Amino acid sequence: MKASKFKISNESTNKLRFIQAKTGLTPNILLRIGFCLSLRDGSLILPEKFPQDGMELNRFTITGEYDCAFLSLLKEWQKINKLPKDDRTSSDFFRAHLNRGALLLSGRIRSLIDLVYLE
């Protein structure tokens, strides 16, 4: 995947700010957790469901030294869902998982201790 920057939706941006205020965790850490929750959800998502009207993020700020691991997880999810693995499709679904992950977290995290109970 060649994309190095992503814009998430304004709704996801607002949810991340709320969670950050409650937990003290930065958006990149929250997005890592949310991305994994979204992948684990297993259901197919539509990238076009999430407008690109919010925060712009650098991929390597989100994934850090685990960039290859995150991309491998995404590729495996694409394989399971029988989706193409070209750069454009991967970028679209990476962004979609960031958005859905932020929304999933917002319904589950009210304080730092809630992270312990994530399933």
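Predicted model: local features only at pLDDT ≥ 70, side-chain atom pairs only at ≥ 80, totals over all residues.

Me: Is the crossing of helix 1 and helix 5 left-handed or right-handed?
Reply: Thanks for asking about the hand, as it goes well with the angle. For helix 1 and helix 5, the crossing is left-handed.

Me: Which residues of helix 5 does helix 1 meet, and how many residues in the contact are charged?
Reply: From helix 1 come Glu11, Ser12, Lys15, Leu16 and Ile19, and they meet Asn99, Ala102, Leu103, Leu105 and Ser106 of helix 5. Sorted by class, this contact of helix 1 with helix 5 holds five nonpolar residues and three polar ones, and the charged residues number two.

Me: And helix 2? How is helix 1 placed against helix 2?
Reply: The axes of helix 1 and helix 2 are 10 Å apart, and the packing angle is about 110 degrees. Angles of 65 to 115 degrees count as roughly perpendicular. Helix 1 and helix 2 are therefore to each other roughly perpendicular.

Me: Which residues make that contact, and how many of them are charged?
Reply: Helix 1 brings Leu16, Ile19, Gln20 and Thr23, while helix 2 brings Pro27, Leu30 and Leu31. By class, the contact of helix 1 with helix 2 has five nonpolar and two polar residues, and the number of charged ones is: no charged.

Me: Let's go inside. Which element gives the most to the largest nonpolar core?
Reply: This core has 29 residues, and Leu16, Leu31, Phe35, Leu74, Trp77, Phe94 and Leu98 touch the most other members. Two or more residues come from each of helix 1, helix 2 (27–41), helix 4 (67–80) and helix 5. With seven residues, the element that gives the most is helix 5.

Me: Last one: is Leu57 buried or exposed?
Reply: Leu57 lies in strand 2 (residues 56–58). Beyond its neighbours within four places in sequence, Leu57 is in contact with Ser4, Lys5, Phe6, Ile8, Leu31 and Ile62. Its relative accessible area is 10%, and the cut-off is under 20%, so Leu57 is buried.

Methods. Residues numbered from 1 in each chain as written. Heavy atoms only, no water. Left-handed = near helix turned anticlockwise from the far one by under 90°. Helix = DSSP H or I, 4+ residues; strand = E, 2+ residues; numbered from the N terminus. Contact = heavy atoms within 4.5 Å. Nonpolar A, V, L, I, M, F, W, Y, C, P; charged D, E, K, R; others polar. Core = buried A, V, L, I, M, F, W, Y, C linked by side-chain atoms within 4.5 Å. Buried < 20%, exposed > 50% of the residue type's maximum accessible area, 1.4 Å probe, protein only. Axes fitted to C-alpha atoms, helices over the stretch in contact; angles between N-to-C directions. Parallel < 35°, antiparallel > 145°, perpendicular 65-115°, else oblique.
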